[in-house]
Amino acid sequence: SSSSSSSQRFGQRFIRGGRHVHGVHRHANRRHLRRLIQSSSSQSSSSPSSSSSKAAAALVVGAGPAGLLLAHRLLSKGWQSVTIQEARPNPALQDSSSSTRQWSLGLNVRGRTAIKSTGQDVWEEVKNAGLLSDQFFVVATKKLKLQIRESTPGSEPSLLLNRQVLCNALLATLEDKYGSTGRIKLVWDAPLTAESALDISTGSIDGETYDVIVGADGANSAVRRLVQANDATFDCETEILPGAVRVLHQNMPPALNRNAINLLLPTGGSKGDAEAAKDIGGLFIIPAKGGKMCALVNWKEATPPASVLEASPEAMLHGLHARFPQLENGLELEAIRAFLDGRDTRPSVVRCSKYASGRVALLGDAAHSTGGTLGQGANSALEDAAALADALIDEVEKGSDADYTDALHRYSSVREPEGSALAELVGVRKASDVRRGGVGRIAKSVGRFFLSRIRPNDPKYFSMQTRMSQTTDSFVSILEKERLD
């Protein structure tokens, strides 16, 4: 498949602690080995092979979608070198697509536009790895389900794919384009620590100096913590949201629409056979390519409830089937075993006062996170990456007059209002907003849904998800319209 071939095309040799470490990645459908994406340390510091390259170097901390997209954009516009430093091991040596720490995400028009800005070939690689879908059902019983999203004229469906599959596709195209140039270096298994020495004014970290340093390392960003320790004018609020999520991967149950997102409500009760699953609040099932699915399983507590911790795989299987009869006994025992052995994820809210300090910038969840509410995190992070790339590309064209501190300030002045507006739109400026405002937002969304059926072409009655997912209008402008409504 396209997604599996992407994961094979990079990382056969990777850098760890400045040394090349060799590893072999095996796969049932493995293609011939492709050229190596990493260059040696000496290659990375030498003059670029392209005479059009500008003498500018960036360190991107975090090999997630946004960090990889930023690397694509900078290299495509002639930056001399980009180093990507990632705390986790090389995904080419792991079966990451079914990891219990990896769930699927949906790329809407915002994310698609950002990726396409790198080139149609990059978008095609990503598109071929995912599943296009524009359907969303709330499933109450076997016969009662409500379709809250469907095809609309002129709109494109979302592209659903596992986060690591997306990263694999972006890494594969980085290899194809720049793997032999000596301009890209990947450093795996190399987390930053509180002892890392960062100078925000010079772009120096642990003895290495870059024109810019970018923190694309998620809600628990190590770069953000180092900025906080070095800039008294930088403020950031973080708060962990209530509850936790664990992921279940398997084939899509036959009773469900294999091309639609399905939200299953617990309508089978919590006693008898359902006892083991009594504390599970819902199943958010996202389809994947090849008839697979990723199910987000949630509960209210910060840690797994006793009913989950004490359940055997067989008891949990029967419990989920009883609590969610919509599944029609479609879960698999081996998937339940992996689910029970998995780890939990606790979503968090992040709100930074600015997204740049000196020669250091933050993007995505490192700068702003809404805890996954309304699925805008990955898309807004990709928009961040595109906006930051635009600012840096404009600046490098100035040659010796380039002022990267000013470029990062311009990026922050554009994207920080967007992050704040998104937080207000989804009502998660802080965790207490989630607890207090949930019922009101749900009631408003339900009301809009029924009004949209009466007046389907009136944007005033579009759901918030539709407003944010099917246009590239700024979140600031959408918020202004929302206030007027």
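Hi everyone, let's start with helix H10: its buried residues pack against strand E16 (244-251), strand E19 (292-299), helix H8 (306-309) and H9. Contact here means heavy atoms within 4.5 Å, and buried means under 20% relative accessible area with a 1.4 Å probe, protein chains only. Helices (H or I, at least four residues) and strands (E, at least two) are DSSP runs, numbered from the N terminus.

A quick word on the source: this is a predicted model, where local features need pLDDT of at least 70 and side-chain atom pairs count only at pLDDT 80 or more, while totals for chains, interfaces and linings use all residues. Residues are numbered from 1 along each chain as its sequence is written, and side-chain values use heavy atoms, leaving out hydrogens and water.

So which residues of H10 are buried? They are Ala-335, Ile-336, Phe-339 and Leu-340. Seen down the helix axis, the buried residues of H10 fall within an arc of 135°, taken from the directions to the C-beta atoms, so they line one face of the helix.

Gln-326 counts as buried because its relative accessibility is 3%. Its side chain reaches the backbone oxygen of Val-139 at 2.9 Å, and a polar atom of that side chain lies 3.0 Å from the backbone oxygen of Ala-140. Leaving aside neighbours within four places in sequence, Gln-326 is also in contact with others, including Thr-141, Leu-256 and Thr-267.

Thanks, friends, happy to chat!

Key:
Buried < 20%, exposed > 50% of the residue type's maximum accessible area, 1.4 Å probe, protein only. Polar contact = N/O pair within 3.5 Å; in protein donor to acceptor, adjacent residues only side chain to side chain.
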